[in-house]
Each structure stands twice: as C-alpha cells, then as structure tokens.
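Dear colleague,

I am passing on the structure we spoke about, and below it you will find my notes on what came out of the analysis. Please read them alongside the coordinates.

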Amino acid sequence: MKKNIILIGGMVLAILFSNIGSFIRDGQALDDLRDSVLRLHILAESDSDYDQNLKLKVRDALLESGILDASENLEQAEKTARENLPEIIGIAENTLRKNGCNLSVSAEITEMDFDERVYGNITMPAGNYKALRIKIGSASGHNWWCVMYPPLCLPAACDVEENKDTMAVFFSEKEIDIVRKPKKYKVKFAIWDKLKSVFS
C-alpha cells in the first residue's frame, strides 16, 4: 500500500513538473515573439473619413518605400528605422501634401503596449512591443498597426499577410503556433504575464 502511494505521488509530481516545464517554455516563446518584431503604428489626426483615409495613404506610402526591406534582423530593422526617421517623416508629409493636407507628422521608435489584434489567421498577442510610431497632426484619431518587421504588412489589400515562407524564416514553430492558435494559450499567457509583473 505504501509503495502504491509513493508511486502515485511520484507520478503526480512528474505530471506537475512536466506542466510547469511546458508553461515556462510557452511563456518564453511568447516573450521571444514580442522581442522579435517591430510594429508599425499610425495615428490619424481625427476619426473623420477624410483623416482616416489620409492615414491609410500614409500607410501605403511607407510600406511601398521598402525602407526596412534589407534588414536581416530586428536590431538592424530598428537601427534602419531610427536612422531614417527624417525620411519616414518626409514620405508621410509628402503623401499628405499630395492629398491637399498641410498637417505635420512626427515619428519615433518606442516601446508600447498593444491589445491583442486579429487579422485573418494571424493573432498578435497583447503585450509590450517595439514600434515605429507615426503621429499625424494631433494624432487624436483611431490608429492602424501591423508588423513592419518581419515583413508581414501589405499595403492597401489587407493588413497582415500569412506568408508561410516568411513566417517560417522569422518565427519558430512555437511562435507560429501562438499566432495561429491564440485561444490555446490565452489563459496560460495571462498567468505568465501576471507572474512576471509580480516578480519583476
């Protein structure tokens, strides 16, 4: 009887440790995902149809410029974006001028919190990410975002492209699973972030 209790206790501990290991690995994969992308975040002057349309024109011009196309990793993408902030502002302002708008534009590389965002089969988990943030005028309107690096943005047609080749190059299998099956990880990641906030 005592041997059976010890055996059962050992099995329970093994299961617990196995789950803890999985929990930690998944949490680290979430952190790796957050630390491997540069988001593009554009804020419109207002929520009027006119200003929101201008925001999308700025988006298209920035994505079509290919400023980050040659970047091989996040550090290089961030460095390139930071060094080209004047050019980025210039592209945005020129786009506005062509459309009869004289608003000013500001741009910065920053870290900011994003809510969970879903586009097609891709879900970017909520959390803190590095972002190229573009503000048009007073930046009082709704925002638009995508993943600028790795290159998952598409101008005009849709917001995020699920390109399997691009995903495979830039993300691990676990990270791809996270963005494709968010419900599977939702509770686990909420606990992970809470524990990190307590111990940080």
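Of the 53 residues in the largest nonpolar core, those that touch the most other members are Leu-40, Ile-88, Leu-132 and Ile-134; such a core is a set of buried Ala, Val, Leu, Ile, Met, Phe, Trp, Tyr and Cys residues joined through side-chain atoms within 4.5 Å. E6 gives the most to this core, with six residues. Not counting residues up to four places away in sequence, Leu-40 touches Leu-63, Leu-132, Ile-134, Trp-144, Trp-145, Cys-146 and Met-148, where contact means heavy atoms within 4.5 Å.

Please keep in mind that this is a predicted model, in which local features need pLDDT of at least 70 and side-chain atom pairs count only at pLDDT 80 or more, while totals for chains, interfaces and linings use all residues. Residues are numbered from 1 along each chain as its sequence is written, and side-chain values use heavy atoms, with hydrogens and water left out.

As for the sheet, four strands form an open arrangement in the order E2-E5-E1-E6, with mixed pairing; helices (H or I, at least four residues) and strands (E, at least two) are DSSP runs numbered from the N terminus, and two strands pair if DSSP finds at least two bridges between them. The edge strands, each pairing on one side only, are E2 (105-114) and E6 (143-149). Strand E1 (residues 38-43) and strand E5 (residues 127-136) pair in the parallel sense over six bridges, and the bridge partner of Ile-42 in E5 is Ile-134. Helix H2 (residues 49-65) packs on the sheet, where it touches E1, E5 and E6.

A search of the whole structure finds 12 salt bridges, each defined as a side-chain nitrogen of Lys or Arg within 4 Å of a carboxyl oxygen of Asp or Glu. One of them joins Asp-26 to Lys-174, with the closest N and O atoms 3.0 Å apart, and this pair links distant parts of the chain, since Asp-26 lies in helix H1 (residues 2-34) and Lys-174 in helix H6 (residues 173-180), 148 residues apart. Asp-26 is buried, with a relative accessible area of 4%, whereas Lys-174 is partly exposed at 31%; buried means under 20% relative accessible area, exposed over 50%, and partly exposed in between (1.4 Å probe, protein chains only). Lys-79 and Glu-83 also meet in a salt bridge (2.7 Å, N to O), and both of these residues are exposed.

Best regards

Methods. Axes are lines fitted to C-alpha atoms, for helices over the stretch in contact, and angles run from 0 to 180 degrees between N-to-C directions.
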